[in-house]
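Try each task before you read its solution.

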Amino acid sequence: MAAREIPCVFMRGGTSRGCYFLRSDLPDDQETLDAVVLAAYGSPDSRQINGMGGGDPLTSKVAVVAPSARAGVDVDYTFGQVGIDTAEVFWVGNCGNISSGVGPFAVEAGLVPAVEPVTTVRIHNTNTGKVLTASVPVRDGHVVEDGDVAIAGVPGTGAGILLDFGDCGGSVTGTVLPLGAPRTAVSLSDGRKVEVSLVDAATPFVFVRAADVGMTGTESAAEIDADDELLNRLEEVRAFAAREIGLVAPGQVAREVSPSIPRVTVVSPPADYTTAAGAKVSAGDVEVVARQQAMQRTHKTYAVTGTLCTGVAAAIPGTVVNEVARTPEPGALFRIGHPGGVISARVRVDRAADDAGGVRVEEASLLRTARVLMTGNVRVPQAVWPTG
């Protein structure tokens, strides 16, 4: 039986990559849609050898894009984290790196008229209900990919795409501080007592000090992933946060029910360290050093949503991030040292923005690059989505 062919753009967005689909090219019902995506990526399989996935959480992501009927919005975009060892697609939260490819995809697909020199694309992320704005460079009616913007974790340079997530607070929980307080104490099964900060901006993250979980904070991704006891501690912290925001019910296992959201990040004060590629990062180059988990593996760079959420957390007195990070000069970028280098964002927070004295994000923006790797059709078995 012949395979079914589905139009697809395979694209790198920031430090991630994945398939970008038009919603109209995919099945209507959710069960078949999930089956199609899993087949396209070759999941479940640790190598994803029979599909487009790369056997890594950063290369096992999908974007589904459609024209939007919302006023003042150009496109609707749904993000999916594709399970690698599990036959499930997690349509929760957002990925800022994959988001950086949505604007270029929309322009090239004709969903948004190309306007030189910069086309503004207003993107409604259906996972979070938030609207972000992408400023996409355009020339001669097409997206410009060549430029001089370098991002840590991606070789070479590309054209800068400015992503502004605007008021991205409460993306999943409806509030920037889901627990009400900037930090809370958690007891781990090995007897450790740690303080954590649960912050929801762009995507929910739970932050913990490196020293509290037995880290220096400058470890490489490989060193962290080789320490099973450490990984278990970090997953305990993440599982606590998942239960607190209602994504995991009592008795459920967090890594089975919600392995992607919230994400756990270890933070430590500025320090000198060496990246995976051998480059030197100086303590003076960053405001904080961070190591983030993604689907129970250590992120080889750093998530865009994590960058924004970390910047927001740093601006809130009393969080563990605020306590370990250096405060940047007024108007300066907030810089985060990660295993692949440094990522920066501009974040402004109003700490008394509502009647309850809560927190509102006024600005959360940063530069990314994106590049189309392949256009064509991805093939899935007819049995997954029969013709007719």
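**Exercise 1. The overall fold**

How many helices and strands does the secondary structure of the protein chain come to?

*Solution.* Begin with the ground rules. This is a predicted model, in which local features need pLDDT of at least 70 and side-chain atom pairs count only at pLDDT 80 or more, while totals for chains, interfaces and linings use all residues. Residues are numbered from 1 along each chain as its sequence is written, and side-chain values use heavy atoms, leaving out hydrogens and water.

Step 1: the secondary structure comes to eight helices and 21 strands; helices (H or I, at least four residues) and strands (E, at least two) are DSSP runs, numbered from the N terminus.

Step 2: the radius of gyration, taken over C-alpha atoms, is 20 Å, close to the 21 Å from the globule rule (2.2 Å times the number of residues to the power 0.38) for 388 residues, so the protein chain is as compact as a globular protein of that length.

Step 3: 54% of the 388 residues count as buried, where buried means under 20% relative accessible area, exposed over 50% and partly exposed in between (1.4 Å probe, protein chains only).

**Exercise 2. Confidence**

Find the stretch where the pLDDT is below 50.

*Solution.* Step 1: pLDDT is the predictor's confidence in each residue, from 0 to 100. The protein chain has a mean of 94, with 98% of its residues at 70 or more.

Step 1: the pLDDT falls below 50 over residues 353-357. Beyond near neighbours in sequence, this stretch has six contacts in the model, a contact being heavy atoms within 4.5 Å.

**Exercise 3. Helix 1**

Work out which residues of helix 1 are buried and what they pack against.

*Solution.* Step 1: helix 1 covers residues 30-41, and its 12 residues reach 17 Å from first C-alpha to last. That is close to the expected 16 Å, which is 1.5 Å times one less than the number of residues.

Step 1: the buried residues are Thr-32, Leu-33, Asp-34, Val-36, Val-37, Leu-38, Ala-40 and Tyr-41.

Step 2: their packing partners include strand 1 (4-13), strand 3 (61-67) and strand 21 (370-380).

Step 3: just after the helix, Gly-42 takes a positive phi of about 80°.

**Exercise 4. The cores**

Which residues touch the most other members of the largest nonpolar core?

*Solution.* Step 1: a nonpolar core is a set of buried Ala, Val, Leu, Ile, Met, Phe, Trp, Tyr and Cys residues joined through side-chain atoms within 4.5 Å.

Step 1: the largest has 59 residues, and Val-121, Phe-165 and Phe-207 touch the most other members. Helix 7 (residues 304-314) gives the largest share, six residues.

Step 2: a second, separate core of 20 residues includes Leu-198 and Ile-245.

**Exercise 5. Backbone exceptions**

*Solution.* Step 1: most residues other than glycine have a negative phi, and most peptide bonds are trans.

Step 1: a cis bond joins Glu-116 and Pro-117, with omega about 0°; Pro-117 sits in the loop between helix 3 (102-108) and strand 6 (118-125). The bond from Ile-261 to Pro-262 is also cis, omega near -10°.

Step 2: Asp-140 has a positive phi of about 55° and counts as exposed at 64% relative accessibility. Ala-202 has a phi near 75°, yet counts as buried at 5%.
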